[in-house]
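Visitor: Hi, could you walk me through this one? I'd like to start in the core.
Guide: Happy to, let's bring it up.

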Amino acid sequence: MLHIREAQESDWPRIKSIYEDGIATGNATFAASAPDSYSAWQAKSVAGCSLVAEHDGYVVGWCKLTQIPDQCAYAGVGEVSIYVGQDHRGKGVGHALLRALIEASEQRGFWTLDARIFPENQASVRLHLKNGFRILGTRERIGKMKGVWRDVLWLERRSEVVGVD
């Protein structure tokens with residue numbers, strides 16, 4: 001059975017391993033390596049919006065919300081990161097994590113969630129679209145990875161309960 005809960009420091013080895021799995025795909029992030037500690041990973045995360053998915057007591061995925069730059073106009077805007085362990089992809093873990101993160105973000109007053117996804121990562125694009133995100137556009141040649149220019153899709157989800165007035 002899948003269980004979603006807040007991440008704890010004791011989860012760091014699995015969180016890091018799953019992050020490294022994502023990095024190894026070449027389609028998850030521009031990061032070349034995972035942070036070196038739980039506190040570094042949590043540094044810009046929104047309190048209560050770093051979640052893990054456990055299957056039979058084993059962490060199989062994680063997601064978190066990072067606050068968009070410190071401008072009061074963007075106080076309710078956050079960026080989503082979501083990673084699922086290699087052996088658990090395609091089993092509903094990402095969907096469960098993203099639904100829980102959306103709920104946690106709305107409880108904290110977030111009205112907009114952003115995601116930046118490599119177009120080649122079609123599973124992640126489908127997951128976000130299934131959960132109410134829309135593609136705003138493509139940021140072409142936004143950064144280099146191993147000497148190759150990469151595009152990034154910019155997706156957004158607007159809350160239907162926060163910021164609707």
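Visitor: Is W62 buried or exposed?
Guide: In this predicted model, W62 is buried, with a relative accessible area of 1%.

Visitor: And how many aromatic pairs are there in the whole structure?
Guide: A search finds seven aromatic pairs. One of them joins Y19 and W62: the ring centres are 5.5 Å apart and the planes stand at 80 degrees, over the 60 needed, so this pair is edge-to-face.

Visitor: Where do Y19 and W62 lie?
Guide: Y19 is in helix α1 and W62 in strand β3, so their pair ties together parts 43 residues apart in sequence. Y19 is buried too, with a relative accessible area of 11%.

Visitor: What about W41 and W62?
Guide: Their ring centres are 5.1 Å apart with planes at 90 degrees, so that pair is edge-to-face. W41 sits in helix α2 (residues 38-42), 21 residues from W62, and both are buried.

Visitor: Which residues form the aromatic cluster?
Guide: W12, Y19, Y38, W41, W62 and Y83 make up one cluster.

Visitor: Switching to the sheet, what's the strand order?
Guide: The order is β1-β2-β3-β4-β5-β7-β6, an open sheet of seven strands with mixed pairing. β1 (2-6) and β6 (134-145) are at the edges with a single partner strand each, so one side of each has no neighbour in the sheet. The twist averages 25 degrees from one strand to the next.

Visitor: Which strands does helix α1 touch?
Guide: Helix α1 (residues 12-25) packs on the sheet against β2, β3 and β4, and its direction makes about 80 degrees with that of β3.

How values were computed
Residues are numbered from 1 along each chain as its sequence is written. This is a predicted model: local features need pLDDT of at least 70, side-chain atom pairs count only at pLDDT 80 or more; totals for chains, interfaces and linings use all residues. Side-chain values use heavy atoms; hydrogens and water are left out. Two strands pair if DSSP finds at least two bridges between them. Helices (H or I, at least four residues) and strands (E, at least two) are DSSP runs, numbered from the N terminus. Axes are lines fitted to C-alpha atoms, for helices over the stretch in contact, and angles run from 0 to 180 degrees between N-to-C directions. Contact means heavy atoms within 4.5 Å. Rings of Phe, Tyr and Trp (its six-membered ring) pair if their centres lie within 6.5 Å; planes under 30 degrees apart count as stacked, over 60 as edge-to-face and the rest as tilted. Buried means under 20% relative accessible area, exposed over 50%, partly exposed in between (1.4 Å probe, protein chains only).
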